[in-house]
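Please look over the sequence and the model together before reading on.

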Amino acid sequence: MDPQTTQTAIDSVKLAGSVGPLNMSFLGLFQDADIIGKAVITGLLIVSILTWAIIFDKAVRISRLKRRATYFEERFWSAGSLDMLYDKIKRPSDPMQAVFVAGMKEWRSASDKGLFAIPGNRNTIQARVDRILQVTIGREMSAIETWMTFLASVGSVAPFVGLFGTVLGIMRSFIHIAQAQNTSLAVVAPGIAEALLATAVGLVAAIPATAAYNKFATEIGRYGARLDNFANDFVATLSRNLEMGKAERNERETAAGGEVGWVRR
């Protein structure tokens, strides 16, 4: 037989376990994965995109809240009259303004009703104002903490979801190895790579979520403490204002020989 003809015949024979050209890119591995692997990878990619959107939104929002808090604190301490500052705020645009407006609204309501004229009511009113401030802080902090649970869940669950896809992929690879009765690297590598892709995507989703959660939790905690400090300073300012009004009222009563209403500052 002609040697050239013999070589052509050998090359045309497909050896058992032989494989064609392999596409080891991300897209190629994804296309070769089974339906469960594709579902796991697709779900993790969607979660990862949503995680990054939340991260950017939180970063911008927290930065804006801190700037507005600094600006309002400067206005608060430089204001000659809390009533004038309250009248200028048409609608609170940040949590610190919301706390101030809630406290001033309750304080003004008590003053307009003449409740400060009764000495026994003063401590009760101050306690009520303090409770309203705390309720407002809790409500505002709940709004700020939106999606934080999602970030924590992604950071803790995503690696296990990726591991689930990896385990199923490895099981599928071993089944194919047994069917092909060939343990060569060319046969084993593609299936193992497909399986490990799910774990890699799970880590891609989990690592930014965990890092962002830790950072934002710290920043939000500091902002919450800042609101608490402002509320305490605000209550103390109102209390001093009340004592000053009481002292001036006593002086006017002594000078005029009659009752004079409390002057709100």
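Does P208 count as buried or exposed? The coordinates are a predicted model, in which local features need pLDDT of at least 70 and side-chain atom pairs count only at pLDDT 80 or more, while totals for chains, interfaces and linings use all residues. Residues are numbered from 1 along each chain as its sequence is written, and side-chain values use heavy atoms, with hydrogens and water left out. With a relative accessibility of 16%, P208 counts as buried, where buried means under 20% relative accessible area, exposed over 50% and partly exposed in between, for a 1.4 Å probe and protein chains only. P208 lies in helix α8, helices being DSSP runs of H or I with at least four residues and strands runs of E with at least two, numbered from the N terminus. Once its neighbours within four places in sequence are set aside, P208 is in contact with W52, I55 and L203, contact meaning heavy atoms within 4.5 Å. The C-alpha atom of P208 is also separated by 7.8 Å from that of G155, although the two residues are 53 apart along the chain.

The protein chain as a whole contains 8 helices and 0 strands, and 36% of its 265 residues count as buried. Of the contacts in the protein chain with a separation of 6 or more, 74% are between residues 24 or more positions apart.

Two packed helices are described by the angle between their axes and the distance between the axes. Helix α3 (residues 35-78) packs with helix α7 (residues 148-180) at an angle of about 160 degrees, their axes being 10 Å apart; such axes are lines fitted to C-alpha atoms, for helices over the stretch in contact, and the angles run from 0 to 180 degrees between N-to-C directions. α3 and α7 are therefore roughly antiparallel, since angles over 145 degrees count as roughly antiparallel, under 35 as roughly parallel, 65 to 115 as roughly perpendicular and the rest as oblique. On the α3 side the contact includes I36, V40 and L44, and on the α7 side F150, L151 and V154 are among the residues involved. By class, this contact of α3 with α7 has 13 nonpolar, 3 polar and no charged residues, with Ala, Val, Leu, Ile, Met, Phe, Trp, Tyr, Cys and Pro counted as nonpolar, Asp, Glu, Lys and Arg as charged, and the others, Gly among them, as polar.

α3 also packs with helix α5 (residues 95-112), here at an angle of about 40 degrees and with the axes 8 Å apart, which makes α3 oblique to α5. In this contact L65, A69, F72, E73, R75 and F76 of α3 meet P95, M96, Q97 and F100 of α5, and by class the residues are 7 nonpolar, 1 polar and 2 charged.

Which residues have the most contacts inside the largest nonpolar core? They are F72, F76, F100 and F234, in a core of 51 residues, a nonpolar core being a set of buried Ala, Val, Leu, Ile, Met, Phe, Trp, Tyr and Cys residues joined through side-chain atoms within 4.5 Å. The elements giving two or more residues to this core are α3, α4 (82-88), α5, α6 (121-144), α7 and α8 (185-256), and α8 gives the most, with 18 residues. Apart from its neighbours within four places in sequence, F76 is in contact with L82, L85, F100, F230, F234 and T237.
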